[in-house]
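User: I would like to learn how to read the features of a protein model, step by step. Could we go through one together?

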Amino acid sequence: MTFHPDILCPFCGLGCGDIGIDQDDSGIAPRPSGCPQADRLFRRSATVPTDARMGGTAVSMDDAVAEAARLLANSHAPLIAGLATDVDGVLSALTLAERIGATVDHERSDALFRNLAVLRRFGWSTTTLAELRNRSDLVLVVGPDPAAAFPRLWERWVVPEPAFMPDGARSVVFLGGEPMPETAQLLGGQIETVDPGAADLATLVAGLRTALAGRAATGDPMTGLAARLRAARYAVVVWAAGLFQGPQPDMVVEGLVRLIRTVDGTTRCAGLPLSGADNVIGANQASGWRTGFPLRTGFDGGVPTHDPERFDWRRRLQDADVTLWISAFRPEMPEFSTNGAVIMLAPPEMAMTPEPALFIPVGTPGIDHAGDVFRADSVVALHAGMLIDRGLPSVAGVIGRILAALNQTATVKETAGC
Amino acid sequence: MLTKLAGGRLFDPANGRHGEVADLWLRDDRVTADPGPGATPDVVYDVTGKVVMAGAIDIHSHIAGGKVNLARMLMGEEHDRHRFAGSACGCDRIGGGSGIATPSTHTTGARYIEMGFTAAFEPAMLGSNARHAHLEMSDIPYIDTGGYLVLGNDDFLLDLIATNAGQAAVNDYVAWMLTATQSLAVKVVNPGGINAFKFNARKLDLDEAGPHYGVTPRTVLTVLARAVYELGLPHPLHVHGCNLGIPGNVATTLDTIQAASGLPMHMTHIQFHSYDTAGDRKFSSGAAALAEAVNRTPTLSVDIGQVMFGQTVTASADTMAQRHTAPLAHPRKWLAMDIECEAGCGVVPFRYRDNSYVNALQWAIGLELFLLLDDPWRVFLTTDHPNGAPFTFYPELIQLLMDRDYRLAKLAELHPDAPAHTTLGSITREYTLAEIAIMTRAAPARILGLADRGHLAPGASADVTVYSDLPDRRAMFERPDLVFKSGRLVVRDGALVAMAQGCTHVVRPGFDDLIERRIARYFDERIGLPIKHFRIQDAEIRHGAGPQLHPCRRREVP
């Protein structure tokens, strides 16, 4: 039995670096971390099937790569999606997309685009997790409890006393959402809930903005909250847009950014938009630097084109004749239906029906190989290490071989010229 | 592979050559001595009458990292309008991308190498964002890169200073951070000001005690300048001073020079720090006073941050200054972030207009500085890309410096009140090719400690640019005849013909590892991340190629 302390978790996007992992001949298992995602996803068997499958029949990796290259080369409308992989995997997917004229998107980009739409048309004022932990004396949580998607958010970033507040005190106010029982247990008396009736989020945010402008009706419960935001030294407004229900979630986000700007005019106030599981932030960052555009970008004749509506993977799935689906972090699939052929790059534990045209097993970054992932606050990139060798290739490795097969005219491998 | 460039005029000021006709020999990735008669080159390029220089080096250009990527997101309209297919060079057609002010990675590399630049350095890398910056730099082809670590607003350092931990502890911390983040130099941005802004201070002068720590910007500046000097880093402290962009800030800038009290210092984008308050509009040029101070202080070097007209975006760690600029955003959107108890970032799109009095004067002030600073070894060609203008304006800027008639013609097109408030019209100086070679090659390599870059002596990296000596200097510098990166011909007649990869330059000054315990405790208690996850390994640099190390030589302040 070997114990690995302080292992970095690549899954939800909080980037916890303190996971303890036990390893023996049967595989790896995490010590209880307080996070259901880490506790489940770090549990892997040492022995797994490493064969690729074509139509359900085991084939060699060489044959699988050749078939993938053939399918993609002959495709008229290829889609590369899922995109749940480390930064190297995303970059290789972007190279492949440029080569074959595919569009790219991440499985979980919906939450991201609710925030990005506002960033791109209006801008934003935000902060990061360590600032939340050390500076905020008031945390305003808007919408459902983000701990549903980011389990250790409160434990790691809000339970510790803020180092830069004179008395170390901090309040947490929920607006338009209830704390989960675990959250209530952790934060106890710090929590307050403001929920004036059954209004939707957009209405609540508008109400708070009205109160901040000093135009609320007498007795409006928002008046008190507005005053507290104004009186706080460093308020942080936290939301997980992926959990927002109701129409036009990006309008809720825009309302929040405007609200933050108002408060930040006289005291300090910043937002913390969270969206990040399975390296969706890293995928978007890599797309940003490689193409100049966010996810939902395609390459027509090698020229990047961005279209947040048309290139949403759910929509593209309808007309794609070949889909390369990448899901390296977890053996789980979303609702999925397409008339085209599917090439699946996923952990061998993935069970899917119907069986895809081609299945190529890949390792998980941070378990089977090292890889870079971005944290949910979008600033910090982390390098998750390798824990166990199960003979599984990385996504970048597999796509690299597909690209090589596509370029039969031998590619010269570039090395740094120092 | 032996290559001969025959009959060119060599502008190689580091080796005292100012246009002498000589053959230049390259063996594989290095410049080599003339192998003598009997040697048979594999390739000969006849460059008779052409101008031959080392590859150019940009010491200050925001090309990678979080704020640049955020700027790309914010500049969606520009990216939609400027989209590029990859170049069909080598075997692959790769390198498609978009953007002018915030080009994507392959586009960045392509635009630089097409102009004969073979290196560019990201001058504002936050420790917490360093891995991101390195990931981006690894994805920029053709050119060498490196990052300057931003310090001076980090709570850890301010706490060291406030608790009188001593210069030795500061030095160890700086050295540890440089090592952990794989950086080449140290930059300070609005010393203490970004931190003060987190405590809701909207302004912080050089001698004003900041909130919480009670430390003045002057102290932060001198402590860091001394750390950089004593650790023996090749590049002096890279300083983005207080009060950027504020009328009257030339007084602060002159005080900052004094604050250095003899310690070497590089003051960056000084155009933005050279404003006086004369005239009806309370906005005038302070260039003459500043140039005079720089000229008589040999321990100082500067780059300009020239403004050129058109749409761009300003991206800076200086959240305090960016909040002042935000109301001028064009288009009307901007973003700001506080980051990891280290610093922040602010991104504000901006359009400099030649019919605006202020913008016209900014343009003139930058040129005044270039022309009034008399030592080209201490002044560097920058637009503070993209803050003053995209780096693709360099050929135009070189023409403005080399051609007075062109300069006067442009001056006449500006806001009518601007010429009266600048001495630019009366300055007759024209830069020579030798001076351009110093300012864009020899001097940047020297001030960054890149011993085998920026010159053409045997052993130097075979980064070479060949130009036709055209009277139209803009055309000349826009479109070199030949560009070699590490000995490989990558650009011919201004077009890419092959792929190449550069490397990432770093320093590693060494430290007493006692400091690591204190840093580790801070990371556990405040940052919430074990330091082993913060530290960037060599294998993470350039896809496993690792960094290029440059020596540091410890010194003592006399």
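**Strands, sheets and the contact between chains**

Analyst: In chain A, strand β7 (residues 78-84) and strand β17 (residues 322-327) run parallel and are joined by 5 bridges. Please keep in mind throughout that this is a predicted model.

User: Which residue is the bridge partner of A:A81 in β17(A)?

Analyst: The partner of A:A81 is A:W325.

User: What is the order of the strands in the open sheet of 9 strands in chain A?

Analyst: The order is β6-β5-β19-β18-β17-β7-β8-β15-β16, and the pairing in this open sheet of chain A is mixed. At its edges stand β6 (57-59) and β16 (303-306) of chain A, and because each has a single partner strand, one side of each is left without a neighbour in the sheet.

User: How should I read the open sheet of 7 strands in chain B?

Analyst: The order in chain B is β10-β11-β12-β13-β14-β17-β21, with parallel pairing. Here β10 (122-125) and β21 (379-380) of chain B are the edge strands, each with a single partner, so one side of each has no neighbour in the sheet. Within chain B, strand β11 (residues 147-151) and strand β12 (residues 185-189) run parallel and are joined by 4 bridges, and B:Y148 stands opposite B:A185 in β12(B).

User: How many residues does each chain bring to the contact between chain B and chain A?

Analyst: Chain B brings 73 residues and chain A brings 72 residues. The area buried between chain B and chain A is about 5700 Å², and carbon and sulfur atoms give 51% of that area.

User: Which polar and charged links are counted between chain B and chain A?

Analyst: There are 7 salt bridges between chain B and chain A, and one salt bridge joins the side chains of A:D372 and B:R131, at 4.0 Å from N to O. The count of residue pairs in polar contact between chain B and chain A is 44, with both residues at pLDDT 80 or more. On the side of chain B that touches chain A, strand β19 (residues 334-339) of chain B gives the most, with 6 residues. By class, that side of chain B has 25 nonpolar, 24 polar and 24 charged residues.

User: Which strand of chain A pairs with β19(B)?

Analyst: Strand β9 (residues 123-126) of chain A pairs with β19(B) in the parallel sense over 4 bridges, and in this pairing A:G123 stands opposite B:W334.

User: What describes a pair of aromatic rings?

Analyst: Such a pair is described by the distance of the centres and the angle of the planes. Over all chains the count comes to 22 aromatic pairs. One of them is formed by B:Y45 and B:F484, and this pair is edge-to-face, with 5.4 Å centre to centre and 75° between the planes. The pair links distant parts of the chain, since B:Y45 lies in strand β4 (residues 43-46) and B:F484 in strand β23 (residues 482-485) of chain B, 439 residues apart.

User: What should I know about phi and peptide bonds in general?

Analyst: Most residues other than glycine have a negative phi, and most peptide bonds are trans. In this model, the peptide bond from A:T353 to A:P354 is cis, with omega near -5°, and A:P354 lies in the loop between β18 (341-346) and β19 (358-361) of chain A. The phi of A:Q248, which is not a glycine, is positive, near 50°.

Note on methods:
Residues are numbered from 1 along each chain as its sequence is written. Chains are lettered from A and ligands numbered from 1 in the order in which they are written. This is a predicted model: local features need pLDDT of at least 70, side-chain atom pairs count only at pLDDT 80 or more; totals for chains, interfaces and linings use all residues. Side-chain values use heavy atoms; hydrogens and water are left out. Contact means heavy atoms within 4.5 Å. Buried area is the accessible area (1.4 Å probe) that two parts lose on being put together, summed over both. A polar contact is a pair of N or O atoms within 3.5 Å; within protein, one must be able to donate a hydrogen and the other to accept it, and residues adjacent in sequence count only if both atoms are side-chain atoms. Helices (H or I, at least four residues) and strands (E, at least two) are DSSP runs, numbered from the N terminus. Ala, Val, Leu, Ile, Met, Phe, Trp, Tyr, Cys and Pro count as nonpolar, Asp, Glu, Lys and Arg as charged, and the others, Gly among them, as polar. Two strands pair if DSSP finds at least two bridges between them. Rings of Phe, Tyr and Trp (its six-membered ring) pair if their centres lie within 6.5 Å; planes under 30 degrees apart count as stacked, over 60 as edge-to-face and the rest as tilted.
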